[in-house]
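Let's take a walk through this model together. Have the coordinates open and follow along.

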Amino acid sequence: MPNIREWLTDQWQQTKQRWLPDKEDNSVALDQVSRFYQSDFYLSLDAGLKSAFYDGQLGGLDSRVIERKDMEFLLDCYRLWQSGRNVSCGIYGEKGTGLSTLLNMFTNQLKHQEQSFKLLSLEKRLCNEQDVINILARSLAIEPKEYKLDEFIDALNQLPACVIIVDNVHFLVQRTIDAQIVIDTLSAIILASRGLHLWVLAGEEQSWRRLCYGYQFEKLFSHQQHIPNFSESQIRDLLIKRFSYGGFNTINDIPIDKLADEKSPVNNIAKRSKGCVELGLFYCLNNLTYGTKPQSIFIMPPQEVDVAPLKKLTQVELFTLAEISTHGQLSVKEHHTIFRISLNESKMILEHLRVLGILDKNEEMSSSDAYSLKLIISAVVIRYLISMNYLY
Amino acid sequence: MDTDVLQQFIDLFSYTTLMSILGTLIATWLLLVGIRWVINTLVNYNPKYRIQLSQTFPVLRVALWLMATLYIVIGIIHPPESVIYASLGSLGLALGLASQDAIRNLVAGIMMAISPRFKIGDMVQVGEHYGEVISLDLSTTKLHTFDDNIITVPNADILKTPISNANNGELNELVVIDLDLPVSIPVAKLKSVALSAAKCSHYVFLKKTITATVFPIFKQDFYYHLTIKAYVLDVRLEKAMATDVAERVIEALQDKALLEGSVFTSPIALEHPLQIKPIS
């Protein structure tokens, strides 16, 4: 006679596993994601595979921007400006959507057309009127001296017509009493020279929104374009391209040229990546094993990222993440100014978030203590903050 | 009620009928517990829609209890017409006699569920109490005040009291911060500092407009009465935002060496002045 107790326990376990799966078995820890590229498993992978799946800046390999309308948008603005229209444009998108790549490709187009341009990538926060004038004067090769705003605008309007591209506008965002002066100065310069020069500004979506909500930044632009995240099919194609580049012919016994057509593991990964390429790359590498045949690999179904550590964060830590995602990065001093707490407390909060694997400490930047969201999990964190009403 | 009707009434409640009624009541209660659990889980996953999700429960509860009552009367007891009329008469009499408090509150609770004056999660002022609505029961409403007290207000009182609802179903709400400042500060600078200070606060919902107005007033001496109106990200952060913005304004004025004399701050959303801080 079967043991009813055992049978019931067994049935309950099966039902529980089906409807309420254990998170520990079906998710991957946040710190595991962020530290993956330092893990022994990653280091043990084939060099070709690692170079194909490196989560660095989107290079020529990921030339999705060519297929997209975004480039056409910039070229349309350029044509309108050339035809004498008073045009300035802004582009924004989530971190990792390829904004800088798009700008580089745009500058290549300008080079082909022998159009003079200046590409300015902001690298530190602008704190006052003189900061804005100085950085523009330096990048536009205007004679270096102490300019007042009107003098600078005059000097700028003496230059031959050119395209002025400003990247990383998140360095304009700040929660200080003097923030308005910075935006007002830049606005005055753009508006006064808009007829002569074509201004193109690019920034991360959350920074852009903050500038628009707080300072009506959108009024500076005649044209704005939101660059959406990668679609499922784009990520799928990109991953297939990377597998092909890595020299692999079959994945889970499916030939690489048929991966796009069938219900392949790559499709599954593309679906779970939620528009974030870096997460897709991580899912691929974290779940693969080498096949028995040459140039073949197996990919197991990917696990979801476990956001449980985010749920345990305090209110000030969640606000910190929200401010970092709008500022692009925050130093200890900036954090201390925004939250009006001691420098030590600020340092402790930022370090705690770094230890959890949510933040990166930017050692290479001029401001050595600047913390930013880890690119690989930034999309996950931003979505969580939006759902929790810390971002809007 | 004559003897026949009474006998018919007693006959209706057999052991099986009573068990069925009990079963229906337990099933309804369990269903409501389940619905509450689902709503709370959804709220935990999506706090942004806290108010919208929470407001569904009071309506569902009234609807389910009404349906259960109807099912018990029509589906289980199934009384003959004479008993229905006799019971309705008795019920009417009971309602008439006992409608002083409990029934009045219950009726008010049903009316509030049908035509709600506020929702769970709203910040309301009921009489002298100001707080977040945390529960809308059939007979009482519970408010959570900023002093961490739970105030229970009978629903009948709510129906006859003017209610001030600060957010009306939205997470953000307008917070008004009043400051009385010395007249030595230039008005334009004061307004500029006030607007910038409000934008600096991480509690402020920047999607909605921030305004600052200045009026001269006389309080033993002439003062500028500064009013900052800004929306807070979440109603629960109302006091934190009021304090933060007021302190930022004062600090900014001190940094710019614009403050001489006394400062009085009193966010009007609060019952008492936030602080009265003489500045030397």
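**Confidence, chain by chain contact, and helix packing**

Chain B has a mean pLDDT of 82, with 89% of its residues at 70 or more; pLDDT is the predictor's confidence in each residue, on a scale from 0 to 100. This is a predicted model, where local features need pLDDT of at least 70 and side-chain atom pairs count only at pLDDT 80 or more, while totals for chains, interfaces and linings use all residues. As for labels, residues are numbered from 1 along each chain as its sequence is written, and chains are lettered from A and ligands numbered from 1 in the order in which they are written.

Where pLDDT is low, the predicted coordinates should not be read in detail. For the model as a whole, the scores are ipTM 0.80 and pTM 0.78.

Chain B holds nine helices and ten strands, taken as DSSP runs (H or I, at least four residues, for helices; E, at least two, for strands) and numbered from the N terminus. Of its 280 residues, 26% count as buried, meaning 20 or more other C-beta atoms within 10 Å of a residue's own, with C-beta atoms placed from the backbone.

How does chain B meet chain A? On the chain B side, 15 residues are in contact with 15 residues of chain A. H8(B) supplies the largest share of that side, five residues. By class, the side divides into eight nonpolar, three polar and four charged residues; nonpolar covers Ala, Val, Leu, Ile, Met, Phe, Trp, Tyr, Cys and Pro, charged covers Asp, Glu, Lys and Arg, and the others, Gly among them, are polar.

Now hop over to chain A. Helix H15 (residues 277-286) of chain A has nine of its ten residues buried, so it is largely enclosed by the rest of the structure. Among those buried residues are A:Glu278, A:Phe282 and A:Cys284.

Elsewhere, A:Phe152 and A:Ile153 are among the residues of H10(A) that meet H11(A), whose own partners include A:Ala188 and A:Ile189. The contact of H10(A) with H11(A) has seven nonpolar, three polar and no charged residues.

Key
A residue is buried if 20 or more other C-beta atoms lie within 10 Å of its own, exposed if 12 or fewer, and partly exposed in between; C-beta atoms are placed from the backbone. Two residues are in contact if their C-beta atoms, placed from the backbone, lie within 7 Å.
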